[in-house]
Amino acid sequence: MRLNTIIHGDCLEELKKFPEACADLIFADPPYNLQLKSELYRPNNTKVEGVDEAWDKFASFADYDAFCAAWLGECRRVLKDTGTIWVIGSYHNIFRIGAVMLDLGYWILNDVVWRKTNPMPNFLGTRFTNATETLLWCARGEHCRKYVFNHKLMKRYNGGKQMTSVWDMALCTGAERIKGADGKKAHSAQKPEELLKRVILSSSNRGGLVLDPFFGSGTTGAVAVRLGRNFIGIEREEEYIKIAQKRLEGLGPLFSEAGWAQDKDQRRTRVPFEQLLKEKLVRSGDLLYTPGRYNKTAVVLGDGKLLYGENTGSIHHIGALIQGSPSCNGWRFWHTRENGAHLPLCELRNEYLRRRGL
Ligand SMILES: C[S@@+](CC[C@H](N)C(=O)[O-])C[C@H]1O[C@@H](n2cnc3c(N)ncnc32)[C@H](O)[C@@H]1O
């Protein structure tokens, strides 16, 4: 088995060639079988770039279930008893996948909910905005009790508190989103690196093998390498393999596991907001928003302060003023707006840190 490589092929066939019990961790982001029937347009008539590729389409639920039973069965064979598998999906497929996994003998450890901080609105106004995806985290079976879970590391990462099974995180946007020459998304389903960081750090160790049977743009490989793990990816479409290879060739420096796992907020508040201006991640005159309950706007000034009515102050100070509370984490309170979606400032701070390889 060659490590740190992408296998071009159908995972149903390719997984059969793997030896038993070789993978320390599997992350699977399979087709969701979204069953999109027609194109979706925003109120301003621009087309939503959704997942409408052939690889996401199945003739029936029965076909989809049979496909999932086949690849999940092979995954169970190649997973070590100390290993675990994560499968991500939405309401379209995750219940079917959960049933298939239980039938195959997997043992569910958590259903982690990824709550999107910048979900795509429901343009037609016919339903609630769909703002979550679910990750099923499973051991090979009920008997596999010695699976890897880096509880202390995750607790440190979460500022000393146990991490819960609800993860707030933005969709993959901005500089992290890989674009083609036409400026459009290179892969319609690229996942945020932060999601993979949590998955890989919580449930694998350095030097371990992380397997991804639906590699896409290579998010799993990119994060695994930067965390000192090995990866093997399987992908059927050649165009995505090229994108992933390019991504892996241009990887930034390794993440420092110890640094990353420090109290993230303490470490990150040391980035002064004005650094984001210097990096042109925000500009003087930009509006910042507080979506939801408070629904206010403020203007970014050239010195990194905010102007709110007649008040000027830091993002934290003005946030606290609006909430009528003694303090406020301005990084989470304030949002920018991109393509009609809100993005919390902490995501821009992540981008700033990422550019510096931190
Ligand atoms: C949801 S996307 C994965 C996106 C990926 N996690 C990322 O961050 O870019 C699913 C991927 O699986 C691939 N795929 C679909 N069916 C496959 C199969 N039977 N074998 C291998 N790859 C497959 C698709 O081409 C697509 O790139």
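Guide: Two strands are taken to pair if DSSP finds at least two bridges between them. The strands (E, at least two residues) and helices (H or I, at least four residues) are themselves DSSP runs, numbered from the N terminus. The model is predicted, so local features need pLDDT of at least 70 and side-chain atom pairs count only at pLDDT 80 or more, while totals for chains, interfaces and linings use all residues. Residue numbers start from 1 along each chain as its sequence is written.

Eight strands form an open sheet in the order 1-8-7-2-3-5-4-6, and their pairing is mixed. Strand 1 (5-8) and strand 6 (166-169) are the edges; each has a single partner strand, so one side of each is left without a neighbour in the sheet. From one strand to the next the twist averages 20 degrees, where angles run from 0 to 180 degrees between N-to-C directions and axes are lines fitted to C-alpha atoms, for helices over the stretch in contact.

Helix 2 (residues 61-78) touches strand 2 (23-28), strand 3 (79-89) and strand 7, and its direction makes about 150 degrees with that of strand 3. Helix 5 (residues 193-203) touches strand 2, strand 3, strand 4 (107-116), strand 6 and strand 7, at about 155 degrees to the direction of strand 2.

Strand 4 has two pairings. With strand 5 (residues 132-139) strand 4 pairs in the antiparallel sense over eight bridges, and Ile108 has Cys138 of strand 5 as its bridge partner. With strand 6, strand 4 runs parallel over four bridges, and there Trp114 stands opposite Trp167.

Helix 2 and helix 3 (residues 94-104) pack at about 45 degrees, with their axes 9 Å apart. They are therefore oblique to each other, given that angles under 35 degrees count as roughly parallel, over 145 as roughly antiparallel, 65 to 115 as roughly perpendicular and the rest as oblique. Their crossing is right-handed, which is the case when the near helix is turned clockwise from the far one by less than a right angle, and left-handed when it is turned anticlockwise. Among the residues that meet are Phe61, Tyr64 and Leu72 in helix 2 and Ile97, Val100 and Met101 in helix 3. By class, this contact of helix 2 with helix 3 holds nine nonpolar, one polar and three charged residues; Ala, Val, Leu, Ile, Met, Phe, Trp, Tyr, Cys and Pro count as nonpolar, Asp, Glu, Lys and Arg as charged, and the others, Gly among them, as polar.

Helix 5, in turn, meets helix 6 (residues 219-226), their axes coming within 9 Å and crossing at roughly 55 degrees. That makes helix 5 oblique to helix 6, and the crossing is right-handed. Glu193, Leu196, Lys197 and Ile200 in helix 5 face Thr219, Thr220, Ala222, Val223 and Ala224 in helix 6. These residues of the contact of helix 5 with helix 6 divide into five nonpolar, two polar and two charged.

Note on methods:
Two residues are in contact if their C-beta atoms, placed from the backbone, lie within 7 Å.
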